[in-house]
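User: I would like to learn how to read single features off a protein model. Please take them one at a time, with the general idea before the case.

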Amino acid sequence: TGGKIWIGTISHGLVELDVLSGKKTIVPELKGMRIEAMARDNTGRLYLGTSGFGIMIYDPAVKTCTSLSELDPGNYKLLRNSYINKLLIDSRNRLWIGHYLGASCYDLGKESFLDIATDSLMNTSICYALAEKNDGSIWFGTSNGLYTWKEYEGRYDRYTTDQGLSSNMVCGLAEDNDGNIWCSTFRGLNCLDPVKGNITSYYAG
């Protein structure tokens with residue numbers, strides 16, 4: 001934004017790159033942190049998923065850095081894990097957080113964690129990928145298959161090799177123009193038709 005690119009690094013935290021001058025600036029408060037994921041809200045603030053430090057928030061306008069734990073200390077336990085893999089801000093201004101114990105959700109408008117329903121298997125899964133479909137549903141690629149959050153029913157639906165996935169290790173997600181969910185896995189590419197529940201595997205190994 002504004003001719004700048006924000007780069008999350010393995011050992012130098014957050015780096016600001018000025019595209020015009022080529023100048024690189026390390027954000028001092030985050031130096032030494034490993035940044036695994038990044039999301040930007042509608043005010044320009046950056047939400048940073050770290051390895052071991054949970055969620056950090058950086059506001060480029062005023063150059064301040066805050067831990068998400070400071071905004072909602074009473075419910076911060078709902079994050080459950082400080083090793084973050086993926087971040088997604090959905091159409092309802094909620095921050096979805098994929099980590100090593102499933103996923104958590106934080107309402108950016110209310111500045112509070114949401115106590116979403118728990119699932120014993122989901123909560124022991126590593127969440128590698130997050131996606132929001134055009135209908136607003138949230139999808140999770142995990143080490144135990146593909147999940148979708150049925151918000152109004154308070155539960156998850158799960159797709160595994162039993163339903164046709166070529167692998168339960170789902171690492172990437174994308175929706176196509178027909179509403180299908182494409183999944184990259186440890187054993188190739190799969191396509192799910194959520195309406196029919198059919199999965200097509202393109203693994204040829």
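User: Is cysteine 171 buried, partly exposed or exposed?

Analyst: Note first that the model is predicted. The class follows from relative accessible area: buried is under 20%, exposed is over 50%, and partly exposed lies in between. Cysteine 171 has 28% relative accessibility, so it counts as partly exposed. Its place is strand S16, residues 170–175. Serine 143 is 28 residues away along the chain, and the two C-alpha atoms are separated by 8.1 Å.

User: How should I read salt bridges, and how many does the structure hold?

Analyst: Side chains of opposite charge can pair when their charged atoms come close. The structure holds 10 salt bridges. One of them joins aspartate 41 and arginine 45, with 3.1 Å between the closest N and O atoms. Aspartate 41 is buried because its relative accessibility is 5%, while arginine 45, at 21%, is partly exposed.

User: Which residue meets arginine 92 in a salt bridge?

Analyst: Glutamate 151 does, at 3.0 Å from N to O. This pair links distant parts of the chain, 59 residues apart: glutamate 151 sits in the loop between strand S14 (145–150) and strand S15 (155–159), and arginine 92 in the loop between strand S8 (84–89) and strand S9 (94–99). Glutamate 151 is partly exposed because its relative accessibility is 28%. Arginine 92 also falls in the partly exposed class, with a relative accessible area of 46%.

User: What is the N to O distance in the salt bridge of arginine 94 with glutamate 151?

Analyst: That distance is 3.1 Å. Here too the pair links distant parts of the chain, with arginine 94 in strand S9 and glutamate 151 in the loop between S14 and S15, 57 residues apart. Arginine 94 has a relative accessible area of 5%, so it is buried. A network of salt bridges links Asp90, Arg92, Arg94 and Glu151.

User: Which residues line the largest pocket?

Analyst: The lining includes Arg92, Arg94 and Glu151, which also belong to that network. Among the other lining residues are Glu132, Asp135, Trp149, Lys150 and Tyr152. The volume of the largest pocket is about 160 Å³. Sorted by class, its lining has 6 charged, 3 polar and 3 nonpolar residues.

User: What is the phi of asparagine 93?

Analyst: The phi of asparagine 93 is near 60°, a positive value in a residue other than glycine. Asparagine 93 is in the loop between S8 and S9, where arginine 92 also lies. With a relative accessible area of 26%, asparagine 93 is partly exposed.

User: Last, which residues form a nonpolar patch on the surface?

Analyst: A residue needs over 30% relative accessible area to be part of a patch. Ile5, Ile7 and Val19 form a nonpolar one on the surface, with about 230 Å² of accessible area together. Isoleucine 7 lies in strand S1, residues 4–8. Its relative accessibility is 33%, so isoleucine 7 counts as partly exposed.

Definitions and conventions:
Residues are numbered from 1 along each chain as its sequence is written. This is a predicted model: local features need pLDDT of at least 70, side-chain atom pairs count only at pLDDT 80 or more; totals for chains, interfaces and linings use all residues. Side-chain values use heavy atoms; hydrogens and water are left out. On a 1 Å grid over the protein atoms alone, a cavity is a set of points where a 1.4 Å probe fits but cannot get out, and a pocket is an open set with protein on both sides within 12 Å along at least five of seven lines; lining residues have an atom within 4 Å of a point. Grid points are joined across faces, edges and corners, and a volume is the space filled by probe spheres set on the points. Ala, Val, Leu, Ile, Met, Phe, Trp, Tyr, Cys and Pro count as nonpolar, Asp, Glu, Lys and Arg as charged, and the others, Gly among them, as polar. Patches are made of residues with over 30% relative accessible area and no salt bridge: like charges are joined within 9 Å, nonpolar side chains (Val, Leu, Ile, Met, Phe, Trp, Tyr) within 5 Å. Accessible areas come from the Shrake-Rupley method with a 1.4 Å probe; for residues, only the protein chains shown count as cover. A salt bridge is a side-chain nitrogen of Lys or Arg within 4 Å of a carboxyl oxygen of Asp or Glu. Helices (H or I, at least four residues) and strands (E, at least two) are DSSP runs, numbered from the N terminus. Buried means under 20% relative accessible area, exposed over 50%, partly exposed in between (1.4 Å probe, protein chains only).
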